[in-house]
Amino acid sequence: MKLISIVGARPNFMKIAPIMEAVGEHNRVSGKPIKNVLVHTGQHYDEKMSRLFFEELGIPRPDVDLGVGSGSHAEQTAEVMKRFEKVCLSENPTHILVVGDVNSTIACALVAAKMGIKVIHVEAGLRSFDRTMPEEINRVLTDSISDYLFTTEKSAEENLAREGIGQEKIFFVGNVMIDTLLKHRDKAMASSLFECAGMRDSSDRVPGYGVLTLHRPSNVDDPAALGEILGALIEISKELPVIFPVHPRTRKKIEEFGLAKSFTELSSGLGSSGIHTTEPLGYLDFLALLSSAKMVLTDSGGIQEETTVLGVPCVTIRENTERPVTITHGTNVLAGTTKDGILKAARSSFERKSAQEKMAPPLWDGDAAKRIVAVLAGL
Ligand code: UD1
């Protein structure tokens, strides 16, 4: 088997890391090695959105960097396709492996499927049933042209079966993002974030805080939508200071809409109230921040899963989730996007302490990548 593994955007890096490691481990002990070429599309390119993650997670330097950068959906997807096709022509892989639901995922899957190269999709079958989300289109299309579909939760298998995808293509293996979390959890606790950000009080304690992340176009690209969400966060932050690592897209919008005055920089200290912004954080600092938070408010998919395993209350600022297991097994609650909805969800999730005693979802145990490679080794 000759494999090309693809990453493009920040949430891909923690998913590919354990797969690269498990392939390496397989190759050390097996007489039938898997040749694995790593391609970075360059969809994310800022130091703090990309390179830092390679360093912290020990991901090998990509063999090929397509350097596509930002653009409209069509421009970005088309540019990845044009450049990735050339790589497939020169490398001649038998299989490609894509993760998640970003534009790089569908772009590379589409190129490979049309060249007769087998497509492996990790984190297949998740559905929000909301076609206004660009990621939902990416998920449905990628799954429909994939040959091997690795799933993280039971709902995904049901979704794929409903869409007519044969059982023989579907493998329930668990969650590679959680492999990475469990591997790095202890190291993250040694993060110097709290010292560097001056977050400890005079008795060397870190006061209680919440964490906010926002980057979905539907939440941040429209001034009314963003204003509504921030209205809720300003209320919450009167009682619980909120730390807000700001995605580059969101930072641009905050500046454009003249909303910067709602925030202070974390570097000037964490008071007992207010929303405190920082640059995007690296994986280890962010994991440390999540682990000790009293509450997380987010529109991210992956953070709903991470807080489930960490047992931290999570308020999801969206109308739907493609990850229902985070609600049935985890600490997640869907808040919608109105000020009232977010305030109500924050209050109730704070009171739902019993959620913290729930078990992790099935197979979110740190061995998902090994299960994937065991299947690949048999191809
Ligand atoms: C992408 C994914 C989304 C994922 C998110 C995680 C798609 C459709 N969306 O959204 O599913 O949850 O990544 O972050 O693939 N930018 C920078 N530096 C960077 C990257 C982006 O400044 O390194 C800015 C650019 O202005 C860019 C904007 O952020 O136009 C959006 O980047 P893009 O890759 O289009 O989508 P994300 O919002 O990051």
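Thr250 lies in helix α11, which covers residues 248–256; helices here are DSSP runs of H or I with at least four residues, strands are runs of E with at least two, and both are numbered from the N terminus. The model is predicted, so local features need pLDDT of at least 70 and side-chain atom pairs count only at pLDDT 80 or more, while totals for chains, interfaces and linings use all residues. Residues are numbered from 1 along each chain as its sequence is written, and side-chain values use heavy atoms, with hydrogens and water left out.

Thr250 is buried, with a relative accessible area of 0%, where buried means under 20%, exposed over 50% and partly exposed in between, for a 1.4 Å probe and protein chains only. Leaving aside residues up to four places away in sequence, Thr250 touches Leu214, His215, Val220 and Phe244, a contact being heavy atoms within 4.5 Å.

A polar side-chain atom of Lys252 lies 2.4 Å from an oxygen atom of the ligand. Taken alone the ligand exposes 740 Å², of which the protein buries 88%; these areas come from the Shrake-Rupley method with a 1.4 Å probe, and for residues only the protein chains shown count as cover.

Terms used
A polar contact is a pair of N or O atoms within 3.5 Å; within protein, one must be able to donate a hydrogen and the other to accept it, and residues adjacent in sequence count only if both atoms are side-chain atoms.
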